[in-house]
Amino acid sequence: MSHTQALCRFLAELSYAQLPDNVLARAEDLYLDWLASALASKGAHPITLFERYAQKMGPSRGPAQVIVSGGSSSAYFAALVNAAASHLVEQDDLHNSSVLHPATVVFPAALAAAQDLGKSGRALLLASVAGYEAGIRIGEFMGRSHYRIFHTTATVGTLAAAVAVGKLLDFNQEQFINLLGTAGTQAAGLWEFLRDAADSKQLHTAKAAADGLLAAYLTADGLTGARNILEGDQGLAAGMSSDATPAKLSAELGSRWALLETSFKFHASCRHTHPAADALLEVMQRNGLRAEQIAHVQTRVHQGAIDVLGRVNVPTSVHQAKFSMGTVLGLLAVHGKAGLTEFHECALSDPAVWAFRDKVSMTLDPEVDRAYPQRWLGRVTVTTVDGRTLHGAIDEPKGDPGNTLSRVELADKFRRLTQFSGARTPAEADALIEKVWNLRHAASLADWL
């Protein structure tokens with residue numbers, strides 16, 4: 001049996017009864033975090049473009065809810081819009097070793113299909129766990145080389161979304177094999193957009209979720225796909241990776257729950273900035289430093305950070321600012337936070353943030369690079385105006401599994417994000433938080449929001 005076949009057998013046989021309580025609770029936490037990210041983008045560019053496209057091309061009403069507008073559509077177009085929405089404000093989750101944002105592709109597809117198919121909260125959670133477990137392993141299989149050019153959440157995300165919907169459709173092993181083939185042949189998403197502050201990142205997740213759903217529905221109707229799309233001579237790894245490791249597809253299935261390893265985002269920026277950001281905060285707090293007392297910050301990073309963040313020197317949009325190491329550290333040094341409000345009000349307009357941005361550099365650090373992507377280490381060297389050299393080291397940034405967000409912190413984040421966009425009143429936010437904590441008991445997801 002190939003590694004792909006072993007993975008598909010696991011997915012087909014996975015049942016709700018097999019899921020440990022901590023996995024179910026974590027899945028609910030991740031769902032709340034995803035929902036907050038989606039709601040935070042209400043009314044923002046380019047999400048309104050996706051909404052208008054769905055209104056023009058899809059039905060005016062349907063069984064699946066469009067989160068940001070409050071409307072509804074077909075499952076396909078709801079997944080498309082909701083996935084775009086949840087990947088805009090840079091607050092959605094990340095799994096370290098796969099460098100995959102699972103929530104933004106898995107939950108939109110799973111929720112839309114669950115509403116379309118009349119499934120329960122338990123079915124949604126089971127499907128979402130399946131999507132996480134498959135997506136994370138496929139991301140790890142594809143290796144570091146893949147991420148240098150391809151946006152893993154776009155490519156691998158298509159397969160993760162497909163698996164979640166396939167689980168809702170109760171696929172057997174053979175159907176999962178065909179499903180991966182149909183999803184994998186659609187997988188796409190390139191990092192080049194970073195150079196131009198383009199809107200492609202939201203298109204990536206929109207298409208991943210929608211195309212994953214498309215693959216599952218067509219597979220259910222009898223469409224066949226490549227049987228060895230991951231490991232084959234002309235498959236995904238052959239075309240998009242130089243360091244693929246097939247054994248990672250089937251490693252520890254059923255004993256290692258990769259979903260539990262997923263990190264929450266504390267700062268509203270690209271996750272590659274977080275380790276250095278936390279290390280700088282630690283140095284400043286330990287030494288009582290203010291931004292104007294700092295002459296230079298050398299961030300010692302892994303190659304993946306340079307590949308992604310090194311494309312942005314002087315950001316021209318708020319979203320691009322979230323991929324600028326200097327801007328993120330400048331917001332933290334000057335304002336103490338790098339949240340949505342700070343990015344929108346200060347990132348492009350505060351001269352003090354600009355000045356600090358120019359004090360920040362990135363250097364490849366062999367220790368940090370060896371640890372990546374399993375561990376995202378934060379290392380900074382701070383030179384002060386009065387000539388001191390100070391060092392900061394963070395091994396688990398805030399939000400990592402070993403330094404995670406509690407349910408109290410996740411609820412606070414949810415309130416902040418929904419207040420930022422005005423998507424929910426405080427009372428509505430609290431009611432929705434309570435519904436998510438009880439997602440496994442929901443008999444129906446129709447009009448759930």
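Does D211 count as buried or exposed, and at what relative accessibility? At 7% relative accessibility, D211 counts as buried, where buried means under 20% relative accessible area, exposed means over 50%, and partly exposed covers what lies in between (1.4 Å probe, protein chains only). Before going further, a word on the model: it is predicted, so local features need pLDDT of at least 70 and side-chain atom pairs count only at pLDDT 80 or more, while totals for chains, interfaces and linings use all residues. Residues are numbered from 1 along each chain as its sequence is written, and side-chain values use heavy atoms, with hydrogens and water left out.

Back to D211, which has its place in helix α9 (residues 200–220). Helices here are DSSP runs of H or I with at least four residues, strands are runs of E with at least two, and both are numbered from the N terminus. Setting aside residues up to four places away in sequence, D211 touches Y76, T158 and Q186; contact means heavy atoms within 4.5 Å. Q186 sits 25 residues from D211 along the chain, and the C-alpha atoms of the two are separated by 7.3 Å.

Next comes S269, in the loop between β4 (262–263) and α11 (274–287). S269 is buried too, with a relative accessible area of 0%. Its side chain makes a polar contact with the side chain of T273, at 2.8 Å. A polar contact is a pair of N or O atoms within 3.5 Å; within protein, one must be able to donate a hydrogen and the other to accept it, and residues adjacent in sequence count only if both atoms are side-chain atoms. Leaving out neighbours within four places in sequence, S269 is in contact with E90, H274, K322, V328 and F343.

Now for the rings. The structure holds twelve aromatic pairs. Rings of Phe, Tyr and Trp (its six-membered ring) pair if their centres lie within 6.5 Å; planes under 30 degrees apart count as stacked, over 60 as edge-to-face and the rest as tilted. One of the pairs is Y31 with W448, whose ring centres are 5.7 Å apart and whose planes meet at 80°, so the pair is edge-to-face. This pair links distant parts of the chain, with Y31 in helix α2 (residues 21–39) and W448 in the segment after α19 (426–437), 417 residues apart. Both Y31 and W448 are buried. F107 and Y132 form a tilted pair, 5.7 Å centre to centre with 55° between the planes. Here F107 in helix α5 (residues 103–117) is linked to Y132 in helix α6 (residues 121–149), 25 residues apart, and both F107 and Y132 are buried. Ring pairs join Y31, W34, F107, Y132 and W448 into a cluster.

K435 lies over the face of W448, at 5.0 Å from the ring centre, and R271 lies over the face of W376, at 5.3 Å from the ring centre. A charge sits over a ring if NZ of Lys or CZ of Arg is within 6 Å of the ring centre and within 35 degrees of the ring normal.Finally, the salt bridges, of which the structure holds 26. A salt bridge is a side-chain nitrogen of Lys or Arg within 4 Å of a carboxyl oxygen of Asp or Glu. E28 forms one with R440, the closest N and O atoms being 3.1 Å apart. That pair links distant parts of the chain, from E28 in helix α2 to R440 in the segment after α19, 412 residues apart. E28 is buried at a relative accessible area of 1%, and R440 is buried at 15%. R415 pairs with D430, with the closest N and O atoms 2.7 Å apart. R415 lies in helix α18 (residues 407–421) and D430 in helix α19, so the bridge ties together parts that are 15 residues apart in sequence. R415 is partly exposed, at 37%, and D430 is partly exposed, at 37%. Salt bridges that share partners join D21, E28, D29, R407 and R440 into one network.
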